[in-house]
Amino acid sequence: MRNLCLFPILFLLFTLFISCKGEEELPVTTPFIEISNQTVQFARLAASQTCKVNTNMDDIKCEVTSGADWCQASYANEVLTIAVVSNHAYQSRTGTVTLAGGDIKATVTIAQDGKGSSIGQVSDDLKIEATSAKSSSCQPGEEIENTLDGNLNTIFHSPWVADEYMPVTLAYHFEKVERMDYLVYHPRTDGGMNGNFRELELYVATAEEPEPKLYGTYDFQGSSVASTISFSPALVNPTQIKFVVKSGKGGYASCSEMEFYRKNPDNFDYAELFTDATCSELKKGVDETTINAVENQFFKELAMEILKGEYEKEFRVQSYKSWQHPDIPAKRNKTNMYGLRDNPTGIYVNEGEELVVLVGDTHGQNVSLFIQDTKNTITGMSMPLSEGINKKKATVSGLIYIMYYTPTGSEQPVKINIASGTVNGYFDSGKHTKADWQRLLDKAVYKHFDVIGRYASLTFETEAFRKYTPDGLALIDKYDELVCLEQEFMGLPENNQGYKNHAYFLAIYDDASYMYATDYYMGYHVSTQSDILDLKKFSTTACWGPAHELGHVHQTRPGLRWIGMTEVTNNIHSLYIQTTWGNTSRLLTDGCYEKAFGTLLKTGKAHNEIDDVWVKLVPFWQLKLYVMDVMGKKDFYKYIYERLRQQPDLDTTEETDGLHQLNFVKLACESAQLDLTEFFEAWGFLTPIDRSVTDYGTTQFTITRQQIEQVKEEIALKNYPKPAHDDIYNMKDDNISDYRVR
């Protein structure tokens, strides 16, 4: 009975308990995304990796939030897949991948090695120290010991009396040296060129043959770039290396450092994987298994890229031809020098990066690499090259060129693989087409870009080419035409005296300069790029500047560049280009004829008494108008240039600038086969003068009455006829027809 009474009470309590339980909150699950790795590390080559994802969310988006140009990522079924392309840069790089579901996010950092990560496994060659050195003579304070102190700023220099102590002997002695593979001669680095080695003989003594014997004769061309002599086979137990320097720039011999090396025996043996020392082609049968077995990461990566067809061979691997050193035709033609950038590589390097350059057979020639620090014109850093592995840290940033200059330019090409640095590309009209222009320019990543033609080469800003040059082939063809026309005007091709390398046009940043010509290049301020890289402007309104500076390069000296003529006779070329391209002569548009007629013609003044270069230019151009255009003697100036090239320079004890002017008078009559004395008298060429003339320097300019009478007598003895017109001195570009009909 008591149990029956308790039942309703228990039932009530149970009901109340259930009711209260139903009112409590159910536990809430927090959304989350967890990635198994916070950082995913990749080697340099293209690869993919996966990461496990732990999440309680369904709608998750995957995004590469940094590094999207080289990294891809996808997410599915709680797996994050990340793929990277090969990193061709020196530096490592990082990116970020983000998984997001609404406001919930998780990130993973992607890190990939660059070329610099594995270059450390390429060993440096072993430097050999000389125990002593001795020279046959030296300038006090600039002894041979300076070439062994590891300091490029100290030099050896022969006595400061040009040629008197030449040849100079420099002998280096060694003890307990088992092997020597090559040596490097470093010329002075202070901007001077006096003493840079030219012709030399190299003698070698060994423990087996202690008496020095002639090893070879060389010509370093007076170059400011380091030169290498390779020993093949390597020298065994060398005891002495002796240089007999027979000639050098300015009649001296100088050297900042002389270094001797042995190839590092611990370095990678290319024969494991590659067909030759350039490491640019795999041996037959090499596969991924073979490559992965190699311990050296740098060469493993190189081989794998080649195997997979990913290696940037278009510019990294090239066969570079030899070029005649520009000093040789310059000396022969009595002009300034063309450029030293005939072998662009299409590679650039940043300061501080390690360069690895793999070189094939050098055929016993001196080959080097040069990094041009373009912001400082043609200065930079040189790197001597020998067969096999070459490694050096870049001390400047810039485009890379191969320096392969010889006396003839006919030596065999050298195959080179520049395995580090960054590809920038270049355009070469000899192997690229109009369609290639945009492709190459789009891929260029450096500030500057090289364009090379048959006769001209250009280095200007990449963005300027993009902005002003839609057709690079047409532009470089026009520059080639400019160079070719000026050479033809001088009669170089007909006399087999043409230059075998390129006239070099370069962007400059010196705000104090606009345009100028100097040794090995012509500089054009970057502000001029809008004109000279625009084909339409370059062909018309802007042609004068490049033609003028190239005219400076081509001035035959001293025969057509006596004092007072530096800014005169180069403009014969400028006018020739301007008018040949269908433009109006500047002598007309600038009113130069009227000024010349009023200030010099028949005034009794001597030609070089007037400082105005435009006034002095007029008679030179009138000769072209009359003899070449009216009489049809197209070889008039060609003949004069060739005779000036052939004539021996006057002895320095007799030479005066006045004699060069009188010589020009005689040659003009000889070329035209006319007695032009009245023309030259009218323009003051045959007027006595004794005057100090300032023209990038000051020189006394003298022509005596006796000298004039002697020249007139020599011309009279030739019995040349007088011109059909007695007023040639009144000719202008716009009245030629008057002379043709009379």
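The following paragraphs go through a predicted model, from its nonpolar cores to its helices and then to some backbone details.

In this predicted model, local features need pLDDT of at least 70 and side-chain atom pairs count only at pLDDT 80 or more, while totals for chains, interfaces and linings use all residues. Residues are numbered from 1 along each chain as its sequence is written, and side-chain values use heavy atoms, with hydrogens and water left out.

The largest nonpolar core has 122 residues. A nonpolar core here is a set of buried Ala, Val, Leu, Ile, Met, Phe, Trp, Tyr and Cys residues joined through side-chain atoms within 4.5 Å; buried means under 20% relative accessible area, exposed over 50%, and partly exposed in between (1.4 Å probe, protein chains only). Phe505 and Tyr637 touch the most other members of this core. Helix H16 (residues 613-630) gives the most to the core, namely 10 residues. Helices (H or I, at least four residues) and strands (E, at least two) are DSSP runs, numbered from the N terminus. If neighbours within four places in sequence are left aside, tyrosine 637 is in contact with Phe489, Ile572, Phe620, Leu623, Lys624, Met628 and Phe664, where contact means heavy atoms within 4.5 Å. There is also a second, separate core of 30 residues, with Tyr172, Leu200, Leu202 and Phe231 among its members.

Helix H12 (residues 544-554) has 11 of its 11 residues buried, so the helix is largely enclosed by the rest of the structure. The buried residues include Trp544, Pro546 and Leu550, and also His548, Glu549, His552 and His554.

Helix H18 (residues 657-672) packs against helix H20 (residues 705-717) at an angle of about 15°, and the two axes are 10 Å apart. Axes are lines fitted to C-alpha atoms, for helices over the stretch in contact, and angles run from 0 to 180 degrees between N-to-C directions. From H18 the contact uses Leu659, Leu662, Val665, Lys666 and Cys669, and from H20 it uses Gln707, Val711, Glu714 and Ile715. By class, these contact residues are six nonpolar, one polar and two charged; Ala, Val, Leu, Ile, Met, Phe, Trp, Tyr, Cys and Pro count as nonpolar, Asp, Glu, Lys and Arg as charged, and the others, Gly among them, as polar.

The backbone has some features to check against a general rule. Most residues other than glycine have a negative phi, and most peptide bonds are trans. The peptide bond from serine 232 to proline 233 is cis, with omega near 0°, and proline 233 is found in strand S16 (residues 227-236). Another cis bond joins arginine 557 and proline 558, with omega about 5°; proline 558 lies in the loop between H12 and helix H13 (570-580).

Lysine 334, not a glycine, has a positive phi of about 60°. It sits in the loop between helix H6 (327-333) and strand S22 (344-349) and counts as buried at 13% relative accessibility. Asparagine 719 also has a positive phi, near 55°. This residue is in the loop between H20 and helix H21 (736-741) and is exposed, with a relative accessible area of 66%.
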